[in-house]
Every structure is written in structure tokens, then in C-alpha cells.
Amino acid sequence: MNEYLEDTQDYVCSISPTEFEEFCLELLKIYATEENLKDFTIEHNVKQEAPDGTYQLDILASFTALDVQLKILCECKQYTSQVKRERVEILEGRLKSLTT
């Protein structure tokens, strides 16, 4: 692993969950700027209504590509082990609920 990635990994492991969300938010902003994404918006700690209730999202971003508005939902987690299947299934259910 190169030194930059090791330093980044050390930093990410040393910050709080909220600071990690803000770190991810800034990374996405930098990427959007570098890629010149059209109509890019991004929000942190967003509440979204769905047919089965209200969900809290760590990051919600959107942009336009090929005349289609795309939305990106980010759940920022600092897991130090593999993500369990159940956690992925919960996120999948949330995505389905928010896109119906």
C-alpha cells in the first residue's frame, strides 16, 4: 500500500463517525468538481420521506448525466471488518423504499 493510502487509512480510523461522514462529503464534492458534474448538489444528514416512513441519509447527492438526473445515496460506515449481508439487505430495502 502506498504511503498516501496508509496516511488516509490512519486518519479515517482516528475520526468520529460524524467526521467520517463529513470526510466522505468533501471527497464527493472534490470528485464532482474535478469531473465537472452538471447540476451537482449534495447534502449531509438528510431526512427523506418514503411510503414506509422517514429515513435519515448520511449523504444525498444528485447530478445530471445524459439528460438524466441521477441520485446518489451514501451511508458512511467505518467498519473495521467485512460488512455483514444483513446490513447490505437493510440498505437494499431502504433504496427500494426510497425509489418507489
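How many helices and strands are there in the protein chain? The chain contains three helices and three strands, where helices (H or I, at least four residues) and strands (E, at least two) are DSSP runs numbered from the N terminus. Along the sequence these elements follow the pattern α-α-β-β-β-α. The model is predicted, so that local features need pLDDT of at least 70 and side-chain atom pairs count only at pLDDT 80 or more, while totals for chains, interfaces and linings use all residues. Residues are numbered from 1 along each chain as its sequence is written, and side-chain values use heavy atoms, with hydrogens and water left out.

The C-alpha trace of the protein chain spans about 45 × 35 × 20 Å along its principal axes. Of the 100 residues in the chain, 23% are buried; buried denotes under 20% relative accessible area, exposed over 50%, and partly exposed the range in between (1.4 Å probe, protein chains only).

The interior was examined in terms of nonpolar cores, each a set of buried Ala, Val, Leu, Ile, Met, Phe, Trp, Tyr and Cys residues joined through side-chain atoms within 4.5 Å. The largest nonpolar core has 10 residues, namely Val-12, Ile-15, Phe-20, Cys-24, Leu-25, Ile-42, Ile-59, Ala-61, Cys-74 and Cys-76. Two or more residues of this core are given by each of helix H2 (17–34) and strand E2 (53–65). Helix H2 gives the most, with three residues.

Salt bridges were assigned where a side-chain nitrogen of Lys or Arg lies within 4 Å of a carboxyl oxygen of Asp or Glu. Side chains of opposite charge can pair when their charged atoms come close. A search of the whole structure finds six salt bridges. In one of them, the side chains of Lys-29 and Glu-26 meet at 3.4 Å, N to O. These two residues are separated by about one helical turn, because Lys-29 and Glu-26 are three residues apart in helix H2. Lys-29 counts as partly exposed at 33% relative accessibility, and Glu-26 is partly exposed with a relative accessible area of 40%.

Helix H3 (residues 85–98) holds the pair Glu-89 and Arg-85, four residues apart and thus separated by about one helical turn. The side chains of Glu-89 and Arg-85 form a salt bridge of 3.0 Å, N to O. Arg-85 is exposed, with a relative accessible area of 63%, whereas Glu-89 is partly exposed, with a relative accessible area of 41%. A salt bridge also links Lys-96 with Glu-92, the closest N and O atoms being 3.5 Å apart. Both Lys-96 and Glu-92 lie in helix H3, four residues apart, about one turn of the helix. Glu-92 counts as partly exposed, because its relative accessibility is 42%.

Surface patches were built from residues with over 30% relative accessible area and no salt bridge, like charges being joined within 9 Å and nonpolar side chains (Val, Leu, Ile, Met, Phe, Trp, Tyr) within 5 Å. Lys and Arg count as positive and Asp and Glu as negative, with His and the chain ends not counted; the place of a charge is taken as NZ of Lys, CZ of Arg, CG of Asp or CD of Glu. A patch of negative charge on the surface comprises Glu-3, Glu-6, Asp-7 and Asp-10. Asp-10 is found in helix H1 (residues 3–14) and counts as exposed at 54% relative accessibility. A nonpolar surface patch is formed by Tyr-79, Val-83 and Val-88, which together have about 270 Å² of accessible area. Val-83 lies in the loop between strand E3 (68–74) and helix H3 and counts as partly exposed, at 45% relative accessibility.

Two C-alpha separations relate positions along the sequence to positions in space. Ala-50 lies in strand E1 (residues 38–50) and is buried, with a relative accessible area of 14%. Ala-50 and Thr-99 are 49 residues apart in sequence and 8.2 Å apart in space, C-alpha to C-alpha. Leu-70, in strand E3, is partly exposed, with a relative accessible area of 33%. For Leu-70 and Lys-47, 23 residues apart in sequence, the C-alpha to C-alpha separation in space is 18 Å.

Conventions
Accessible areas come from the Shrake-Rupley method with a 1.4 Å probe; for residues, only the protein chains shown count as cover.
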